Amino acid sequence: MPEPISLSETFHTAFYDAEEGKLGLWQPNPLTDPAVAALARKLHGDVNSSLEEQRSRIVRPAPAPQLYFDFFKYRKPIAEATERNEIFLIGAADALLTSLSSLIEGLLSRPQVLAFLSIEAKGNDVDRKDAQDMLFDLVFLFVTNHEIGHFVHGHTGSQPEEWLEFKSDPVKRLPQQAAEIEADGYSTFATLNWLFTKRSPIVEGDTGARQKVEAVLLRLYLLAAFSYLEMGSSRPWRWHCPETFTHPQYLTRVDFIVGHSRGWCERHAIEHERNLSQAHIHEALEGVHNCWHQPDSRNLERQVKDLTSGPYASWEERIREERSRLRQLLEPFQLIVRDYS
Ligand SMILES: [Zn+2]
């Protein structure tokens, strides 16, 4: 009888080729720094126990599939989701871990970010440290919840045939773009649920004091999601071939994330909708501008000009329609999760 394959082995064969590594390239191991390696171990434990908890809430299919998280070696700070032997695998590149701390430190040294979070620029190191830790958790959570969103919406399976054809079509990628928006939507709801239930500090005093703290939590979420996605801001959007991109443009994703956040507020905390005004969103976008220090970074005006030089409104509408179509097509393969809304 063959030896059972461990979760860790399944993970590594799913993300690497035994001979060639990931994408034909073996990467150096950056987790040799003891502090980073310890953080990786901690996150490995935390994320897997949170996945266990989430698994216990999966109503369909029954029994619920196994979920497993680990790091893979890759030089870009990305995450991916895949299925192997009926196990749902979520991988984060170790480059995400190594770049996240300095990214967040950089963000919290920006006066406009501190002002956005109502942290005094001078003297309040405790608030700054709290915000730093919370942002780290939130970026990580936004990214991993996005990957879980792909499982929940049924994007990672090999059925139905029509979806498989979409996934392998290099030219017509509108369904894939719609799937990314769906995964961002799941992530927004799951991350805000976590933030407002598990991490929301108990605030003494009146409702006003509590609302103030919660408004900052919501702003931290916006900064976390936008700063991660800002990586894609240097990519120009080409109107002559918009369907060739696997992911929608950065500002399109931001636009939908704001919409998902409004949806979350409507359901759970209507008083916070006002924290999602255009002025607030603009402030958050300015705050994270070029946080990845990319040499080909493009400022907001240029990105907006780029997007609005074509039929932007009808493009967003097409993505919206595609989302509904995908939901119908993949309905039998979606996970039903208790207490998720
Ligand atoms: Zn995705």
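**Overall fold**

The model is predicted. Twelve helices and five strands make up its secondary structure. The radius of gyration is 20 Å, close to the 20 Å that the globule rule gives for 341 residues, so the protein is as compact as a globular protein of that length. Along the principal axes, the C-alpha atoms fill a box of roughly 65 × 50 × 40 Å. Of the 341 residues, 33% are buried. Take the contacts with a separation of 6 or more: 72% of them join residues 24 or more positions apart.

**Two domains**

Domain 1 spans 8-58 + 65-98, and domain 2 spans 108-337. Their centres, taken over C-alpha atoms, are 22 Å apart. Domain 1 gives 14 residues to the contact, and domain 2 gives eleven. On the domain 1 side, helix 2 (34-55), strand 3 (79-84) and strand 4 (87-93) each supply two or more residues.

**Helix 2 against helix 3**

Two packed helices are described by the angle between their axes and the distance between the axes. Helix 2 and helix 3 (residues 94-107) pack at about 115°, and their axes lie 11 Å apart. The crossing is right-handed. Helix 2 brings V36, L39 and A40, which meet D94, L97 and T98 of helix 3. The residues of this contact are four nonpolar, one polar and one charged.

**Backbone exceptions**

Most residues other than glycine have a negative phi, and most peptide bonds are trans. The table lists exceptions in this model.

| Site | Feature | Value |
|---|---|---|
| A62 to P63 | cis peptide bond | omega near -5° |
| Q159 to P160 | cis peptide bond | omega near -10° |
| E86 | positive phi | phi near 65° |
| S118 | positive phi | phi near 55° |

P160 is in the loop between helix 5 (125-152) and helix 6 (161-168). The loop between strand 3 and strand 4 holds E86. S118 belongs to the loop between helix 4 (111-116) and helix 5.

E86 has 10 C-beta neighbours inside 10 Å, so E86 counts as exposed. S118 has 14 other C-beta atoms within 10 Å, so S118 is partly exposed.

Notes
Residues are numbered from 1 along each chain as its sequence is written. This is a predicted model: local features need pLDDT of at least 70, side-chain atom pairs count only at pLDDT 80 or more; totals for chains, interfaces and linings use all residues. Domain bounds come from an automatic or database domain assignment. Two residues are in contact if their C-beta atoms, placed from the backbone, lie within 7 Å. Helices (H or I, at least four residues) and strands (E, at least two) are DSSP runs, numbered from the N terminus. Axes are lines fitted to C-alpha atoms, for helices over the stretch in contact, and angles run from 0 to 180 degrees between N-to-C directions. A crossing is left-handed if the near helix is turned anticlockwise from the far one by less than a right angle, and right-handed if clockwise. Ala, Val, Leu, Ile, Met, Phe, Trp, Tyr, Cys and Pro count as nonpolar, Asp, Glu, Lys and Arg as charged, and the others, Gly among them, as polar. The radius of gyration is taken over C-alpha atoms; the globule rule is 2.2 Å times the number of residues to the power 0.38. A residue is buried if 20 or more other C-beta atoms lie within 10 Å of its own, exposed if 12 or fewer, and partly exposed in between; C-beta atoms are placed from the backbone.
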